[in-house]
Amino acid sequence: FSVDLDTPVYKGKVSCPTGLFINGKFVEAVEGGTIDIVNPSTGKVLTKVAAATSADVDIAVEAARKAYKTSWGLKVPGSKRGEYLNKLADLLQANIDEFAALECLNVGKPWSESRGFDLELTLKTIRYYAGWADKVEGRTIETNDTKLAYTRHEPYGVVGQIVPWNYPITMVSWKIAPALATGNVVVLKPSEITPLTALKLAELVVEAGFPPGVVNIIPGYGATAGAAISLHPHIRKIAFTGSTLTGRKIQEASAKSNLKVVTLELGGKSPNIIFDDADLEQAVKWSSIAIFSNSGQVCTAGSRIFVQEGIYDAFIKAFSAAAQNINHKTGDPFAEGTVHGPVVSQTQLDRVLGYIKSAKDQGAKAFIGGERHDISDGYYVKPTIFTDCTPDMKVVQEEVFGPVAAVVKFKTEEEAIEMANDTEYGLASAVFTENVGRAIRVSNALEAGMTWVNCNVATEYNVPFGGYKQSGVGRELGSYAIST
Ligand code: NAD
């Protein structure tokens with residue numbers, strides 16, 4: 001795939017391979033299948049990429065196993081594995097604008113997000129784990145004076161990795177960097193909707209000199225390639241990010257096949273609680289970022305906003321002004337000043353509009369937005385704020401994964417905590433208050449893997465990330481990813 005762009009923010013060529021990356025080479029799928037890749041800001045097909053099936057998964061896993069035995073694992077010193085990763089990061093840095101442009105094309109992300117946030121986080125993540133590669137240490141344990149026990153960290157071998165479409169290149173870095181740093185080899189399946197930057201990274205894997213088979217990147221559909229990875233008897237661990245529904249299937253597949261270790265980063269319906277004593281300006285700023293960035297397609301999105309009655313009217317007024325401002329900056333991902341792009345696909349557009357309809361049907365008030373934005377054939381949805389929401393509504397209970405905030409009024413701290421925890425999810429949460437005691441008390445009471453105080457969706461590469469309840473198992477990022 002190759003295209004010349006002449007846009008306000010990026011001028012030049014954008015290209016990437018379209019085959020499966022197996023054993024250091026780009027190849028067609030055994031069964032010859034392909035996937036149409038669509039530009040969400042126009043609705044038009046950009047290119048086709050090869051679609052892996054179980055036959056390709058088998059070949060990739062064999063290549064990975066061989067590489068693990070001959071040219072990776074603990075055979076290669078940690079310092080050397082770190083060098084490969086740093087070289088990969090150097091190459092990514094040298095091509096960072098092209099990667100950002102490819103994400104704008106394939107995901108519809110505004111340049112300000114893809115170049116300004118996603119690729120920076122991707123780069124930092126790879127460098128961070130490059131640094132970890134020679135710092136994995138075991139412990140010694142005293143038993144008695146004749147025995148010495150020690151622990152040693154060993155790689156799993158072949159690790160299967162399955163990622164979603166909302167942060168394609170960032171998710172690849174979260175998966176491959178810690179796995180490679182600790183001596184594992186990987187077979188990674190990007191989302192069938194957004195495989196382009198993962199394939200582009202594969203080019204850099206070759207250039208960085210990784211031995212063939214250490215990294216394999218195979219686009220394909222979930223029900224075929226994804227299922228084959230999760231059932232494969234020679235894959236020892238699966239690291240998955242995606243929906244709770246698919247996460248369940250992956251755990252089932254692990255149980256049915258070889259009890260592979262599974263880490264799951266799943267969906268969320270994160271509460272964002274704003275108390276009367278909050279700094280209104282900060283609360284509005286972060287609440288907007290939390291639900292409208294990446295068009296709300298964020299697993300930690302602050303999609304349920306609980307606002308205390310004393311600040312409710314002022315918050316709604318300022319929050320809707322912020323949403324209106326974002327609405328004015330909706331459009332072409334490559335236009336200067338765009339902050340709001342389309343959702344990723346027709347399916348996602350239908351899903352989000354379906355939730356908007358259900359909220360209206362159930363009596364919520366679309367204070368602002370609440371409809372498709374017909375600025376092109378792309379999949380644009382207006383930033384939407386529903387007020388007068390009650391906890392039983394679908395829009396309050398289920399993950400919309402779009403730019404749709406559901407606002408619920410509350411009276412007391414206890415009531416806010418109870419409503420916030422009334423969900424099957426437990427990924428993230430946020431609390432806005434100037435009262436330190438309340439901030440700590442409420443954070444501790446919230447059933448969520450992560451709580452941000454006076455900010456929101458503030459993900460950092462060196463801080464553990466993950467949820468509990470039905471939002472996931474295990475942790476990514478930080479030192480936690482090294483030990484899982
Ligand atoms: P999805 O579960 O539909 O797909 C995720 C990946 O799983 C894709 O690569 C897909 O091809 C694959 N897949 C689908 N069916 C499969 C199967 N039966 N076996 C194996 N693999 C299969 O999710 P999505 O729509 O791509 O992404 C959106 C979801 O991801 C949301 O629920 C969101 O909250 C979640 N997400 C979570 C995090 C997190 O870190 N917690 C981060 C980003 C996204």
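Trainee: At roughly what angle do the axes of helix α3 and helix α4 cross?
Mentor: This is a predicted model, in which local features need pLDDT of at least 70 and side-chain atom pairs count only at pLDDT 80 or more, while totals for chains, interfaces and linings use all residues. Residues are numbered from 1 along each chain as its sequence is written. Helices (H or I, at least four residues) and strands (E, at least two) are DSSP runs numbered from the N terminus, and axes are lines fitted to C-alpha atoms, for helices over the stretch in contact, with angles from 0 to 180 degrees between N-to-C directions. The axes of α3 (residues 96-107) and α4 (residues 111-132) come within 9 Å, and they cross at roughly 125 degrees.

Trainee: How are α3 and α4 placed to each other, and is the crossing left-handed or right-handed?
Mentor: Angles under 35 degrees count as roughly parallel, over 145 as roughly antiparallel, 65 to 115 as roughly perpendicular and the rest as oblique. A crossing is left-handed if the near helix is turned anticlockwise from the far one by less than a right angle, and right-handed if clockwise. At roughly 125 degrees, α3 and α4 are therefore oblique to each other. Their crossing is right-handed.

Trainee: How many residues in the contact of α3 with α4 are charged?
Mentor: Contact means C-beta atoms, placed from the backbone, within 7 Å. On α3 the residues are Ile96, Asp97, Phe99, Ala100, Glu103 and Cys104, and on α4 they are Trp111, Ser114, Arg115, Asp118 and Leu119. Ala, Val, Leu, Ile, Met, Phe, Trp, Tyr, Cys and Pro count as nonpolar, Asp, Glu, Lys and Arg as charged, and the others, Gly among them, as polar. The contact of α3 with α4 has 6 nonpolar residues and 1 polar, and the charged ones number 4.

Trainee: Is Val205 buried or exposed?
Mentor: Val205 lies in helix α6, and it touches Leu88, Phe210 and Val215, not counting residues up to four places away in sequence. A residue is buried with 20 or more other C-beta atoms within 10 Å of its own, exposed with 12 or fewer, and partly exposed in between, C-beta atoms being placed from the backbone. Val205 has 22 such atoms within 10 Å, so it is buried.

Trainee: Which residue does UniProt list for "active site"?
Mentor: UniProt positions use the numbering given here, with feature names shortened, and annotations may be inferred rather than shown by experiment. The residue in question lies in strand β13 (residues 261-265), and it counts as buried because it has 28 C-beta neighbours inside 10 Å. Beyond four places in sequence, its contacts are Phe240, Thr241, Cys299, Gly466, Gly472 and Glu476. The unreviewed UniProt entry lists Glu265.

Trainee: What is the phi of Ser295?
Mentor: Ser295 is in the loop between α9 (280-292) and β15 (304-308). It is buried, because 32 other C-beta atoms lie within 10 Å. Although it is not a glycine, its phi is positive, at about 50 degrees.

Definitions and conventions. Two residues are in contact if their C-beta atoms, placed from the backbone, lie within 7 Å.
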